[in-house]
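Hi everyone, thanks for having me. Let me put the structure up, and then we can walk through it together.

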Amino acid sequence: MLCYSKFNCFSLVRKMAAKLKISEEALIKLLKEQQRSGIELLYDHYSAALYGTIFKIIGNDELAEDVLQDCFLKIWHNINSYDPQKGRLYTWMLNVARNLAIDKVRSKSFNNQQKNRDIDLFVNQLDNMNAVNFNPDTIGIKQLVQKLEPEYKVLIEILFFGGYSQTEAAEKLGIPLGTVKTRSRAAIMRLRTLFEREDHHG
Amino acid sequence: MDSKEILNSGLIELYVLGALTDAEAQAIEKAAALDPAVANEIAASQAALNVYSKTVDRNPRPAMRDKILQQIPEAKNQIKTVAMVKDNAWQSYKYLMAACLAALVISTYSSYFFYDKWSEAEDRYLTMQQEKNVMADQFSIVKNDFDKAMNDLLVIKDGDMSMFTLTAIDTSKNYNARVYMDKRMGRLYIDVLSLPMPEPGKQYQLWAMVNGAPIDAGVFDIDPTNTYLQALKTIPNAAGFAVTLEQQGGSATPTLEQLYIKS
């Protein structure tokens with residue numbers, strides 16, 4: 001193996017280490033025992049997913065980095081409030097990241113202009129971003145997502161990444177509240193069908 | 001709303017999308033706890049959304065890793081804790097060692113100190129013992145002297161005692177002695193005041209004059225260290241006394257040429 005610089009070598013090793021699968025149970029155990037290795041593994045496995053979600057919501061690297069930092073601290077300190085009965089660690093962490101990012105977006109300090117971003121811009125941002133951040137893991141997923149109907153995609157985007165409530169979403173999309181419910185169900189069902197195979201190691 | 005209604009309502013999907021109010025979300029969680037079908041539906045929906053969220057994956061700048069991990073408190077790291085326990089053990093071991101050494105130093109010093117005191121006391125005790133022995137010896141000497149002196153005094157003070165003063169025949173010499181005689185029984189004592197030291201093999205002999213004839217009253221020595229009365233023979237009714245120098249052990253008759261003093 002050729003290493004042209006120390007940095008490359010280290011980052012390569014780190015990436016390889018990140019690829020080593022560690023079970024969620026083991027990771028949860030490490031984190032609950034407040035083992036430093038737990039948070040390091042967590043970072044190597046999930047920083048891209050958490051940062052991606054935060055960035056998706058905030059749309060600004062500088063602020064997203066602040067939120068990412070808050071996110072890891074919150075995970076570290078609140079790990080005992082995570083209940084495996086209620087869902088996967090990944091889901092919990094994603095919610096922590098999402099909620100922190102949404103709070104940030106809704107805070108007074110956040111630029112009003114950014115807060116009132118157009119939904120179309122918001123959705124387009126996803127495609128632009130994927131073009132910039134080439135990640136081999138997500139190529140297949142991205143291709144699958146292309147098959148998702150636009151009305152489902154918009155709804156998932158504004159609810160999940162935009163932090164909109166049902167009412168806000170209904171208002172924003174100009175559809176009845178009942179439709180938000182049925183369309184949400186349809187959208188998730190569609191995702192499930194699309195990701196049936198991906199689901200196993202999601 | 002029962003489980004079946006929940007499953008088809010779209011609320012589970014809104015729940016995983018995070019679009020429900022807290023109260024609504026709690027109702028879903030409650031239903032999930034009661035009905036595995038609801039729980040499974042939630043898990044499947046979350047899994048799908050998790051996969052979807054990967055479309056937004058974005059690697060933070062490499063510098064963020066260290067920056068974020070530095071923020072994680074060092075505290076409750078278990079390996080650290082073990083190290084600290086070891087440290088504590090070593091720490092207490094060190095204190096124990098220090099305490100032992102201190103105790104050793106103190107006891108060594110005390111031993112030396114008390115040994116010193118003890119030998120000093122032992123020396124003083126031996127000195128005092130010796131002094132006591134000397135005192136006892138001296139006392140015994142003094143007692144002996146006192147007894148003799150007391151005895152002499154009793155003889156001298158005795159009302160029934162007659163004293164004869166014996167003076168030198170050769171008037172150029174200042175020889176003299178006293179003889180004390182017990183009038184009832186005739187016990188004789190001589191108090192030598194001044195007589196020359198006899199040559200070796202010679203002894204002074206006292207003669208008692210009874211009815212004009214000299215009777216042997218015993219021999220005596222000159223001892224400059226013993227100036228007490230010397231008890232001699234018991235001869236009643238003596239009228240006078242004389243001292244001659246005779247052979248060692250005395251003679252049957254006095255050698256008149258060697259008559260030194262008489263009363």
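Which residues does A:Cys71 touch, not counting residues up to four places away in sequence? They are A:Leu50, A:Ile54, A:Val96, A:Ala97 and A:Leu100. Touching, or contact, means C-beta atoms, placed from the backbone, within 7 Å.

A quick word on the source: this is a predicted model, where local features need pLDDT of at least 70, side-chain atom pairs count only at pLDDT 80 or more, and totals for chains, interfaces and linings use all residues. Residues are numbered from 1 along each chain as its sequence is written, while chains are lettered from A and ligands numbered from 1 in the order in which they are written.

Back to A:Cys71. Together with A:Leu50 and A:Ile54, A:Cys71 touches the most other members of the largest nonpolar core, which has 71 residues. A nonpolar core is a set of buried Ala, Val, Leu, Ile, Met, Phe, Trp, Tyr and Cys residues joined through C-beta atoms within 7 Å. Buried means 20 or more other C-beta atoms within 10 Å of a residue's own. H3(A) supplies the largest share of this core, 12 residues; helices here are DSSP runs (H or I, at least four residues), numbered from the N terminus.

Now the two chains: 58 residues of chain A are in contact with 39 residues of chain B. On chain A's side, H3(A) gives the most, with 12 residues.

Last stop, B:Ser45, in helix H4 (residues 36-53) of chain B. B:Ser45 counts as buried because 23 other C-beta atoms lie within 10 Å. Leaving aside neighbours within four places in sequence, the contacts of B:Ser45 include A:Ile188 and A:Arg192.

Technical notes. Helix = DSSP H or I, 4+ residues; strand = E, 2+ residues; numbered from the N terminus. Buried ≥ 20, exposed ≤ 12 C-beta atoms within 10 Å, placed from the backbone.
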